[in-house]
Amino acid sequence: MDRSTLTRTGIAGAVAGLGLAVGGIAIASADDAPDTSSTSAHPGGPRGERGGYDAAALAKALGLKEATVKKALDAVRDELRPEKPADGTKPTPPTEAERAARQAKFVTALAKELNVSEAKVKTAVAAQEKKLEAAREERRTESRADLVTRLDAAVKAGTLTEADKTSVLKAFDAKVIGDGPGGGGFGGGGRGGPPPAQSAS
């Protein structure tokens, strides 16, 4: 058993001892590390951001109707959807260069679908990405604060040691564990590719 496996096992033990698995803490193995810099939004985000770009916000930025933008986003998502490996294995997380290339293809395809300049679409998408990233960081900060409170209680009760607490927080900060599937940058849909369209509701 290698060192990384031992480390994950130790963290898993501490997490399980605290009951955090039930509370929404997810552990990612080194072989299935989440793509934390993906352009995906996550469930539970601000209104209109659940699961993808906010079609209403993009429409406003581009001076178009929301329905038109949503239809275009859906079309581009389907067009650029990556093929699943034939052998059923999980796809390898994309590199930074691959993510950048996919994002460029997304902007180009969306601009073509909407008949709008790429520069204008790129600016609108970048503005929304900035908002999505801020929302993700805010959720992660809140999750860490909650985690610290629960760890402190577990240490006080004797369930965990200070060393356990330090290990779990170190893992959280390194994004080895996160606040559940689809939250805080872990397990959100569409690794490395543009997220699906969502209209504000």
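1. Aromatic pairs. Searching the whole structure, a predicted model, turns up one aromatic pair. Rings of Phe, Tyr and Trp (its six-membered ring) are paired here when their centres lie within 6.5 Å; planes under 30 degrees apart are called stacked, over 60 edge-to-face, and the rest tilted. The pair consists of Y53 and F106 and is stacked, at 5.4 Å centre to centre with 20 degrees between the planes. Y53 belongs to strand β2 (residues 53–54) and F106 to helix α5 (residues 96–114), so the pair ties together parts that are 53 residues apart in sequence. Helices (H or I, at least four residues) and strands (E, at least two) are DSSP runs, numbered from the N terminus. Both Y53 and F106 are buried, where buried means under 20% relative accessible area, exposed over 50% and partly exposed in between (1.4 Å probe, protein chains only).

2. Basis of the values. Residues are numbered from 1 along each chain as its sequence is written, and the model is a predicted one, in which local features need pLDDT of at least 70 and side-chain atom pairs count only at pLDDT 80 or more, while totals for chains, interfaces and linings use all residues. Side-chain values use heavy atoms, with hydrogens and water left out.

3. Overall composition. The protein contains seven helices and four strands. Along the sequence the pattern reads α-α-β-β-α-α-α-α-α-β-β. Of the 201 residues in the protein, 38% are buried. Among contacts with a separation of 6 or more, 73% are between residues 24 or more positions apart; a contact means heavy atoms within 4.5 Å.

4. Packing of α6 and α7. Helix α6 (residues 118–157) packs with helix α7 (residues 162–173) at an angle of about 170 degrees, and their axes are 10 Å apart. That angle makes α6 roughly antiparallel to α7. Axes are lines fitted to C-alpha atoms, for helices over the stretch in contact, with angles from 0 to 180 degrees between N-to-C directions. Angles under 35 degrees count as roughly parallel, over 145 as roughly antiparallel, 65 to 115 as roughly perpendicular and the rest as oblique.

5. Residues between α6 and α7. On the α6 side, R140, S143, R144, L147, V148, L151, D152 and V155 meet E162, K165, V168, L169, F172 and D173 of α7. By class, this contact has seven nonpolar, one polar and six charged residues. Ala, Val, Leu, Ile, Met, Phe, Trp, Tyr, Cys and Pro count as nonpolar, Asp, Glu, Lys and Arg as charged, and the others, Gly among them, as polar. The charged end of R140 sits over the ring of F172, 3.8 Å from its centre; the criterion is NZ of Lys or CZ of Arg within 6 Å of the ring centre and within 35 degrees of the ring normal.

6. Start of α6. E118 is in helix α6 and, at 42% relative accessibility, is partly exposed. Leaving out residues up to four places away in sequence, E118 touches V107, T108 and A111. The C-alpha atoms of E118 and V107, 11 residues apart along the chain, are 6.4 Å from each other. A119 also lies in helix α6 and is exposed, with a relative accessible area of 52%. Its C-alpha atom is 9.3 Å from that of T108, 11 residues away along the chain.

7. Positive phi. Most residues other than glycine have a negative phi. N115, which is not a glycine, has a positive phi near 60 degrees. N115 lies in the loop between α5 and α6 and is exposed, at a relative accessible area of 72%. K175, also not a glycine, has a positive phi of about 65 degrees. K175 is located in the loop between α7 and β3 (177–178) and is partly exposed, at 29% relative accessible area.
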